[in-house]
Amino acid sequence: MAQTTKNASSVQRAPAIVVALFILPAFALFAAVLLYPMASALGYSLFEWRGGTNLVRFNWFDNFVVLFTEHPFVEQMPRAFLHNIAIFAGTLVLQNSAGLFLAVQLHRLGPVRRLFQVLYTTPYLVSPLVVGYLWTLLLSPTFGPVNAALDALGLDSLAVSWLGEPATALPVLILVSVWQWIGFPVLLYGAALGAIPPELNDAASVDGAGGWRRFRHVTLPLLTPVIGTVSILTFIGAMEMFTLPYAFGGATGSPAGATDVLSVLFFRVSFQSGASNALGVSSALATLLFLFILGGALLGRRVIRAQEEKLS
Amino acid sequence: MTLTLDTVERAPGGATAPARRRRGRWNAQAVVITTVLWLYAAVCVLPLLTMILNSFRTHLQIATDPWPIPTDPTLENYVSAWADASFSRYALNSILITVSSVAISTAVSLPAAYALARWRFRGRDALEGLFMSGLLIPFMLAILPMFYLMDWLRLIDSPLSLILIYSANGIPFSVFVLVSFFRQLPGELEEAAFLDGGNHFTVFLRVMVPLVRPAVATVVVFRFVPIWNDFLMPLVMLRSRDNYTLGVGLTTFFGEYQNDWASLFAGLVITTLPLLVLFILATRQIIQGLTAGIGK
Amino acid sequence: MFMGACGGGSGASANEVRLTVWTWSNEAMNAFKKAGIIDAFEKTHPGIAVEVVAQLDKNYETLLTTGLAGSGSPDIVALRSYGVLSSFADSGNIVPLDDVVKDWSGFSKPALAGAKGKANGKFYAVPQGIQTAQVYYNKKIFADLGLAVPASWDELIAAAQKIKDSGVAPIVIPGSVAAQISLAAEILGNARRGAGDFEQAFIAGRKNLTDPDNVAAVGLLEQIQPYLVDNVTSVTLDEAVTLFATGRAAMFPSGAWQVTTFANLGAEVDYGTFDVPVNAEWPSKAVTVSYADGGWALAKRSAHPTEAAVLLNWLAGAEFANLYANAMGTIPARDGVTLKNPQLAEMYQRYQSTPSTYLGAAYLRYGSPSGTDLLGEQVQKIWLGETTPARAAQSVQTGVNAWFRPADFQHE
């Protein structure tokens, strides 16, 4: 283990009682109000239920078996899963490239950057209940201004049925989601850029390093932890995304399942399904999702740790 | 430090000539970049503008032509939104619930994140992983057990149930973000503070927390917004209309077959404005935090 | 005691019981409040006050699951008919009403069919209303082109061609919403499938959805594809309503609720309705597609079961049915109702003479996946050129095979 010599060990350690005092308030609240209910919710997946909340019996992994053996889960689950992965890949690339680009450019701007930061974050402030609806209005091939503008510019061929074609519906979903969330990486990267001591860049400039090179070799390595944080949160957000796909594609991932994701599938099989054992099967689905995200997040954290160690 | 100097190649033979050429290109580049920044800003305010414009129009106008200038603007929607949904009452509840939840979750997350980021102790990684797992579960799944828990605590129809849930729900995110910021800080600062006679508590409060103020502001904003806009948890936990929040108020415009978009947009403008104000204040905090920060 | 009632709840006396009623429908809540339904009840039942609360439609079942499971339970809840109602009956959080409600004789058979728990055949709800589903047509467009209401399916297609040639979209369907597509498919295809005869064969297990008649019924969706509005798979319910109400689409297969929606939208469209006409060789004559549209159930944890029973009996009576059906613009679930709106009155009349059950709503929503969701998705695939009617019908059948057992529906 690469113990950095700069950090005195007295600073890195604290008496157990102090550690407890620092951590306990958060942990107690977290464990009682969040962890405990969530653990019991995961436990629901091991039981058979009747009419939502009536426990019938412990049925081991039967609910999971249903998901892996019965039509339509055998087709719908992998399909939804792939869509989640595509959303993750798309948002990851866009947030970390466009988000980082915007943050770096804003950082150079000086005080005007505040205006831009506010503007870029406005999409996040609007209730998610209506963000999807707003874009449905804007992108409507019949009434929407986006296609009207494209027509006016003579770009008729680009004026497609954005949310009505399987080929465009998912990319649009990804773009709108990035649009909605980009304020977060912009702000977070902005804060991290501000925390980089200017001497580092000055030193590099004096040595004649150009803009890109300075960014690549000075700035980027120092941003690694924050990029990691954003990436993991992006992963979680993409895997659990519900409101936007539901607004665009309804309960079935319209058109023809092109925007179906795991949370929408969960919604379909949970309480409104009319199925008596809805709680068992939907909990099993959520448990699988949880385990997958947990694995992904832990893996992601390990990668980031490795990067951080390399840097220190 | 050494890493930086090693990897950056020295420009041979004086930096003046290439620098000038670079500056000329830089101007053209700056124009392009500024244009891009403004264009993207325009794309971002589009929804806000759509919302505001439509809040002055009738349902039929919105449906047939969603994005023009209002021809004969009406304030009718605001009148009905304010009256039908008792927004004044809901606004007070929203402020109470959101402010206390964010305050509590940030207050408890800061020391926890600090301890996880800066100290070595047994079980640290496991604990951090446990906190992180709180981010991973679809919230919809936990609704039923949370309801049972609050029912057991006799908190159904009490705003306290929401404050507890939102504070707890904010912890994983806040800890996760704050840990990465605390970890980024150089260790010399703590050392110096200890040499000046500080203890763990004073070093944390007086030295370390001010340094992560921009991150705290970011966490506050990004926790504040979803709580402010949430409608599902209040509907699950609350019973009397007097306790409803703005987010729930908005749902009164959603019908079974038809949504009252005109009033909804007016309601949205009313609920989003406070967020915008908060956010402008918070970004000032972020800037101040930055300038007051590491620049020693 | 007569005077106290005027305040509508504000002057609640110490021993007044307050009942809470939940519904998923804002429209229903408004009907209760603004059309004087609550006043009518409170006036004749001093000592009982009623509060109607509309919960968010999209999350209604989730909210009910928690709402009925603990303290602060509402007293009476509206439940969607068939599967959802049956599933809540299984939970034991609503109680059978066979003995609570005194008189069931006024209700129509289709309305009662949607109020039964599948497990024991008992009534768990007082039926709220019926939805009929039919084709709305723009009278002006039809008149301008010299078109009469079509008398056969072939005439309908011919009319659609003529409308298309004139530059107007002949038919609009909210093609981005699975449930709406499924409803439209039912309006068009119910008679082609064989209506009531097919329904009987279906629940007897003698026929399933891969039957040639059902495949032909699904095939009608493919047949009308050239006459649908452009980009039909992106059309939302709001857009469909707007397109029809502003005369940009000439026909719109949809539910009776649209009568109220068109009125609320404020567009002045002169429209009429018809049931889909049949060709001579089809297995059934023209029918009115209909389904039970919700009912009132009694919560097990109601703090005032006696008073709630009083209210339920009133909700089951003709006075309420008249007020509610007229305020909501719905087809009544029981007799003794006069509909004032001429459009609705016409639908009601047709329904009384030739009703036919919406198969998907009545039988295919008791499990996951829901048959109507599957059909909606499959029809989109037909329109997108990804599947055929035969494969679509097969796919829906395979999906519902996961849980559908004809025997479950045979305790009539």
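User: In which sense do strand β5 (residues 130–138) of chain C and β7(C) pair, and over how many bridges?
Analyst: Helices (H or I, at least four residues) and strands (E, at least two) are DSSP runs numbered from the N terminus, and two strands pair if DSSP finds at least two bridges between them. Within this pairing, C:Ala133 stands opposite C:Gly255 in β7(C). For β5 and β7 of chain C the sense is antiparallel, over 5 bridges.

User: How far can these assignments be taken, and how are residues and chains labelled?
Analyst: This is a predicted model, in which local features need pLDDT of at least 70 and side-chain atom pairs count only at pLDDT 80 or more, whereas totals for chains, interfaces and linings use all residues. Residues are numbered from 1 along each chain as its sequence is written, while chains are lettered from A and ligands numbered from 1 in the order in which they are written.

User: Which residue in β7(C) stands opposite C:Ile171?
Analyst: Strand β6 (residues 169–171) of chain C pairs with β7(C) in the parallel sense over 2 bridges. In β7(C), the residue opposite C:Ile171 is C:Met251.

User: How many residues of strand β7 (residues 249–255) of chain C are buried?
Analyst: A residue is buried if 20 or more other C-beta atoms, placed from the backbone, lie within 10 Å of its own, exposed if 12 or fewer, and partly exposed in between. By that criterion β7 of chain C is mostly covered, and the buried count is 7 of its 7 residues.

User: Why does C:Ile157 count as partly exposed?
Analyst: C:Ile157 belongs to helix α7 (residues 153–165) of chain C. It is classed as partly exposed because its C-beta neighbours inside 10 Å number 17.

User: What is the strand order of the open sheet of 5 strands in chain C?
Analyst: Strand β1 (residues 17–23) and β2 of chain C pair in the parallel sense over 7 bridges, with C:Ile48 as the bridge partner of C:Val17. The edge strands, each pairing on one side only, are β2 (48–54) and β4 (126–127) of chain C. The pairing is mixed, and the order is β2-β1-β3-β10-β4.
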